[in-house]
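Subject: Structure handover

Hello,

Here is the structure for you to take over. My notes on what was found follow below it.

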Amino acid sequence: RGEVKKAVNRGPDMPPSCQQESSGGPFVQALQVPALMMRDLLDLLMPTLKGNEAAQLDWLGYYMIGTGIAAFLILMFLSEAKYGRYAVGISSLWGFPMNAKVAWVVQECPNLVLGFSNLALTRRECIKSTPNQVLMALFMVHYLNRTLAYPLMMRGSKPTPFLVFLLAFLFCLFNGHLQMRYLAYVHPYDPSWFADPRFLLGVGTFFLGLFINLDSDRILRDLRKPGESGYKVPKGGAFRLVSGANFFGEMVEWSGFAVAQWSVPGAAFASFTFLNLSPRGWHHHQWYKARFKDYPAARRA
């Protein structure tokens, strides 16, 4: 008499040890649905790699780098990202304006939804690996702050055009699945990776970037009193060196994450972050210099 296990069939190329078991109560099974839907979507988009999730995620990472390069060229040489200070008087083609706080929460929430969903489907080898645990915790802690805490503390933010919101939502949808699927299911790290210099350097760099990012957000927030909406020159912290200190912090953060992860998905995330945010930092730098005649000359973009 054999014990019958209900498993999600991933095709003939997937070894039995890597099959997912459909377990848990109704809540857990409902939580698993978003990750399973994203998995099926990738099967649909990459039919030749159906059932080979490791290859699918690598290719998704390559696509992310390609779209990041395209975004960099557009944002650097054709048009700024039309939100915040650059959203004044824009074309109706950018869509209807959304409340900035609502748009931010909704566009960032796929990271948390797919994070918890992939955790509900995690492989035993992944959830028991200390490096996997650390990397998943870093990702989730960042997006708990960005999705729930950061928007509530925003002051005087201008409406977000729908197209900007939609593009951000799609990025978070695919990247949230890419990072957490890789860490929660596809790639269990050997315990020895926890003591590897790359892992230690990467985690340390992540926390440095996180500190710069949070401190820069605080400095920007404190520039405005409740009810104010104007712009002032930020001072202190990493703003002593660069105009886009908050962007710089996030670049450092995900670069460290990529080194600690040492994978295509991690490298894709760090690359896209740089390619997407560096043009905005440069535009901010030019904007400050044009409007504040006493803007610090030594400060870089």
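Contact here means heavy atoms within 4.5 Å. The model is a predicted one, in which local features need pLDDT of at least 70 and side-chain atom pairs count only at pLDDT 80 or more, while totals for chains, interfaces and linings use all residues. Residues are numbered from 1 along each chain as its sequence is written, and side-chain values use heavy atoms, with hydrogens and water left out.

Leaving aside neighbours within four places in sequence, Asn-175 is in contact with Met-64, Phe-139 and Phe-269. Asn-175 sits in helix α6 (residues 162-186); helices (H or I, at least four residues) and strands (E, at least two) are DSSP runs, numbered from the N terminus. Its relative accessible area is 0%, so Asn-175 is buried (buried is under 20%, exposed over 50%, partly exposed in between, with a 1.4 Å probe and protein chains only).

A nonpolar core is a set of buried Ala, Val, Leu, Ile, Met, Phe, Trp, Tyr and Cys residues joined through side-chain atoms within 4.5 Å. The largest one has 33 residues, and Leu-135, Phe-139, Leu-183, Trp-254 and Phe-257 have the most contacts inside it. Two or more residues each come from α2 (53-77), α5 (130-152), α6, α7 (197-222), α8 and α9 (264-291). The most come from α6, with 9 residues. Not counting residues up to four places away in sequence, Phe-257 touches Leu-135, Leu-138, Phe-139, Gln-179, Leu-183, Gly-202 and Phe-206.

Salt bridges

A salt bridge is a side-chain nitrogen of Lys or Arg within 4 Å of a carboxyl oxygen of Asp or Glu. The whole structure holds 9 of them. One joins Glu-250 to Arg-146, with the closest N and O atoms 3.9 Å apart. This pair links distant parts of the chain, since Glu-250 is in helix α8 and Arg-146 in helix α5, 104 residues apart. Glu-250 is buried at 14% relative accessible area, and Arg-146 is buried at 7%. Another salt bridge joins Arg-198 and Asp-196 at 2.9 Å, N to O. Through shared partners, salt bridges join Arg-146, Asp-217 and Glu-250 into one network.

Regards
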